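Dear colleague,

I am handing over the structure below, and I would ask you to keep it open while you read the notes that follow.

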Amino acid sequence: MKFGGGSAPVLVLNQNTKRENGKKVQLGNVAAGKMIADVIRTCLGPRAMLKMLMDPMGGIVMTNDGNAILREITVQHPAAKSMIEISRTQDEEVGDGTTSVIILAGEMMSVAEPFLEQQMHPTLIISAYQQAMEDMLAIMKEKFSVKVDINNRSEMMKILKSCVGTKFINKWGDLACQIAYDAVKTVSLEENGRKEIDIKRYAKVEKVPGGIIEDSKVLSGVMLNKDVTHPKMRRRIENPKILLLDCSLEYKKGESQTNLEINQEQDFARILQMEEEYIQRICEDIIQFKPDLIFTEKGISDLAQHFLLKANITAIRRVRKSDNNRIARACGATIVNRTDEIREEDLGTGAGLFEVQKFGDEYFTFVTECKDPKACTILLRGASKDILNEVERNLQDAMNSARNVMIEPLLVPGGGAVEMALTHALTEKAKTITGVQQWPYKAVASALEVIPRTLVQNCGGNTIRTLTALRAKHADPSNFTWGIDGEKGTIVDMNTLGVWDAFSVKAQTYKTALETAMLLLRIDDIVSGSKKASGEEGHGATAPTAPMDAAD
């Protein structure tokens, strides 16, 4: 609204548009950030609580994974929405640290609040944050990170332990660590000097309810939820020759409607004969290579099954494309698109055993004991669907953690130790900064303490005493490995406790948290208005203005 000198108000924005600006918006954003952080706060550390969420379909999700929780929550505030977005980014980028990134971002927002109250300009706060972020990453890499040998199994187990320790499966921690490590080791590929570890595509988690969690294992091969097509086919083959097809073993029908005019009776018999001959021909193409086992992504007709059975070949049809790719990586076969293009080298001989087993009332096909598999299936057993879903989420985190370390073999101490060390280092560094900016810079340093503080709170320790003792320890820079034991809430040396985090996860966490805080502090105006507030456009009190519509 603008008021001319004594004249009627001039309407610029549509009447049902709400506009907030200035300090009110900034403080509102800070409050929203804090609010989201408070939801997640109790989910940090080994003594984490679980959250139970109901989705609109009436299903339930029980988890303490920051990303999984925020995915299910619906929020109204735009700043809160972008907070939720960052935990998703964190999950896609490094797969772990989704909880801490939210808590840190919320804390970074709330330490900026007093400066906004004192009328300090947001750009000053942001530039201090920017500098703090750069210093933080540099100091962490130079002073507080430790190199690790990724082929040393016990070292890797320690890292995974700290990832799994805060999750629901820490009861079966050793098992989970081994599963994650074996799976990641299997799918890692070195091509032309670059490492490729594609967990999503080649390490498939298959959840089979029933049994106990201790039965879970990594298969040295692939498992599918399929049975053989013909009941008389062999259900167990040792050292099978495997052929993978991407074409159907059925008679090809016309793409669109095909009309055939038949004049005499023999023609119809001839047509049926042609169908049979076609199927016989494609089966002979296959049989001459003497495979033991065929997987195809399309269907297999009854006649084709008959020919294959006579040649003692087991066939499995309608396999998913992703599963077919995994089998190809596991046994060294190549997927063939047409039967007349099969070559001897396309057959895979890397698998040691094919068998079909029955769990409950479903059949599962196993292609295991592969010589050098580059894909694997993780078989999870457990009491109920909910437990299996949570275990799967936890395993994904652990596998991502292993992948991060393999790609960048640097570690930092866990348990809030590196945060505390950075707090101390940044506070010292703040003394060299002149001008107003040293205050927000110091605030970033103190905001990092939220991680050790939350760890103490979550296991019911005495926050003030423990943190003071920890600060005193960190006054000597050589004690940078001292942190909080998340089980007992006491201070302990991470070297002896063996809790380490991957450097890339921590770096990503700090970057994401600070960048979000900078982004949200930069907002000073929120215009929220619906163009169609009352059903149709322009039903408001004012006539719709043409430029406004063009801008929308």
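The second largest cavity has a lining of 10 residues, and those that lie nearest its centre are Leu 175, Ala 176, Ile 179, Ile 213 and Val 391. Please bear in mind, as you look at these residues, that the model is predicted. Two elements, helix 7 (173–187) and helix 12, each give two or more residues to the lining of this cavity, and helix 7 provides the largest share, with 3 residues. When the lining of the second largest cavity is sorted by class, 9 residues are nonpolar and 1 is polar, while no charged residues are found there. The space in this cavity comes to about 60 Å³, and the search of the whole structure finds 2 cavities of 30 Å³ or more.

The other place to look at is the second largest pocket, which holds about 530 Å³ of space. Its lining is made up of 21 residues, and Asp 91, Glu 92, Lys 200, Gln 396 and Asn 400 lie nearest the centre of the pocket. The elements that give two or more residues to this lining are helix 2 (66–72), helix 3 (78–93), helix 8 (199–202), strand 9 (203–209) and helix 12 (385–407). Of these, helix 12 gives the most to the lining of the second largest pocket, with 6 residues.

Which classes of residue make up the lining of the second largest pocket? Sorted in this way, the lining has 12 charged residues, together with 5 nonpolar and 4 polar ones.

With best wishes

Methods:
Residues are numbered from 1 along each chain as its sequence is written. This is a predicted model: local features need pLDDT of at least 70, side-chain atom pairs count only at pLDDT 80 or more; totals for chains, interfaces and linings use all residues. Side-chain values use heavy atoms; hydrogens and water are left out. On a 1 Å grid over the protein atoms alone, a cavity is a set of points where a 1.4 Å probe fits but cannot get out, and a pocket is an open set with protein on both sides within 12 Å along at least five of seven lines; lining residues have an atom within 4 Å of a point. Grid points are joined across faces, edges and corners, and a volume is the space filled by probe spheres set on the points. Helices (H or I, at least four residues) and strands (E, at least two) are DSSP runs, numbered from the N terminus. Ala, Val, Leu, Ile, Met, Phe, Trp, Tyr, Cys and Pro count as nonpolar, Asp, Glu, Lys and Arg as charged, and the others, Gly among them, as polar.
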